[in-house]
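Please walk through the structure shown below, taking one part at a time.

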Amino acid sequence: MTFLGNCRATGIGSLPATDVGEAVASVFADCPDLPYWPQLPNVSAAEGMNEQASADLPGLVKEEKRLRIVQDEGFYLGVERLLAACDTGDASAAALAPEAAAAFEPFIRQVTRRRTPEAKGQIAGPVTVGMAILGENGNPILYDDVLREVLVKFLHLRVRWQAERIAAAGARPVVFVDEPSLASFGTPFFGWGKEQVQETLGAVASGAETVGSHCCSNTDWPILLGCRQVSIVSFDAFGFADNFLIYRDDIAAFLGRGGTIAWGIAPTDPEAAAAATVESLRERLLREVEKVEALGFARDQVLRQSLITPACGLGTRDADTARRAFAMVHDLAASLRAEYLGL
């Protein structure tokens, strides 16, 4: 079944909340049509983006604030269990423990209780996590063939586990595999080409049927637009719309195969958020939508293949900025759905 964004509001992932119950309640209030489980880095350091994604990865240790893989006996036993789980399809081998995702189970209970039709999960992707974890030689494990394969299999199961848990709660799962580190693509600090990224990201994304990916800065957008396992591309439309929209042919092909654009139109910078209004963001977004229409798409089609989000996660922002950003996302999405889609 093709995913339709239908201009619904949703979030990237992280919130600055310190109360789990309040965070989950705010998600269903702000994003009732596509709620997501909130990542809460202020509740625990274990909910940092890379820490959460890699929690329980075989051989993982944290030394002086750096994540490392130690290839000791425990590592090899963990890899053996991981490979066995991949062979049997046992996604529980990569389950997120409550210590690493305090809001996940409360969110799942609410999805069940509210009979939510679709719900979103998310995790950092293999490029981002692989660049953040060092091997015993001091280099990122992304560039180690063996350790990268372990990470890819692990994250694939983690995506699959989320999808299975959301589906068991009665909702259609939408899981994002986010790659903020793709902002360094094409620089001397990034040693891969587009096809390598797509192959690795695609292997993880294949853990769920409907998968999105978010990059919170600028990148070579055809990487995500052309990855066949990614059906939703999420970007900071407030800050980088011009950079994104230059890839006209790639965007047209992506939308032509049923892809959805998640427009991160509400700024998460405190000053920019304070200065923005729903009307100013509406005008800004529709100017960008017009450029997509010029590629041969009707406005209502573009909006049906759109989501409305904040520009990025809000876990590092203050509570007032987070509340304002989501209030604008909620109201903008509601007004566009009513005016253009009759929803």
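Leaving out residues up to four places away in sequence, N50 touches L67, A124, T128, V129 and A132. The model in which these contacts are found is a predicted one. N50 itself sits in helix α2, which covers residues 49-54. Its relative accessible area is 15%, and because the cut-off for a buried residue is under 20%, N50 counts as buried.

One of the residues that N50 touches, L67, has a number that falls within strand β3, residues 66-69.

Between β2 and β3 the strands run antiparallel, and four bridges join them. Within this pairing, V61 has R68 in β3 as its bridge partner.

The next part is a helix pair. Two packed helices are described by the angle between their axes and by the distance between the axes. For helix α12 (residues 278-293) and helix α14 (residues 319-341), the angle is about 55° and the axes are 10 Å apart. That makes α12 oblique to α14. The crossing of the two helices is right-handed.

Which residues meet where α12 packs on α14? From α12 come V278, L281, R282, L285 and L286. On the α14 side they meet M328, D331, L332, L336, E339 and Y340. Sorted by class, this contact has eight nonpolar residues, three charged residues and no polar ones.

Helix α12 also holds V292. Is this residue buried or exposed? V292 is buried, with a relative accessible area of 0%. Apart from its neighbours within four places in sequence, V292 is in contact with L245, L255, W263, F297 and V302. A further reference point is E195, which is 97 residues from V292 in sequence. In space, the two are 26 Å apart, taken from C-alpha to C-alpha.

Two buried residues have thus been placed in their helices: N50 in α2, with its relative accessible area of 15%, and V292 in α12, with a value of 0%.

Definitions and conventions. Residues are numbered from 1 along each chain as its sequence is written. This is a predicted model: local features need pLDDT of at least 70, side-chain atom pairs count only at pLDDT 80 or more; totals for chains, interfaces and linings use all residues. Side-chain values use heavy atoms; hydrogens and water are left out. Axes are lines fitted to C-alpha atoms, for helices over the stretch in contact, and angles run from 0 to 180 degrees between N-to-C directions. Angles under 35 degrees count as roughly parallel, over 145 as roughly antiparallel, 65 to 115 as roughly perpendicular and the rest as oblique. A crossing is left-handed if the near helix is turned anticlockwise from the far one by less than a right angle, and right-handed if clockwise. Contact means heavy atoms within 4.5 Å. Ala, Val, Leu, Ile, Met, Phe, Trp, Tyr, Cys and Pro count as nonpolar, Asp, Glu, Lys and Arg as charged, and the others, Gly among them, as polar. Buried means under 20% relative accessible area, exposed over 50%, partly exposed in between (1.4 Å probe, protein chains only). Two strands pair if DSSP finds at least two bridges between them.
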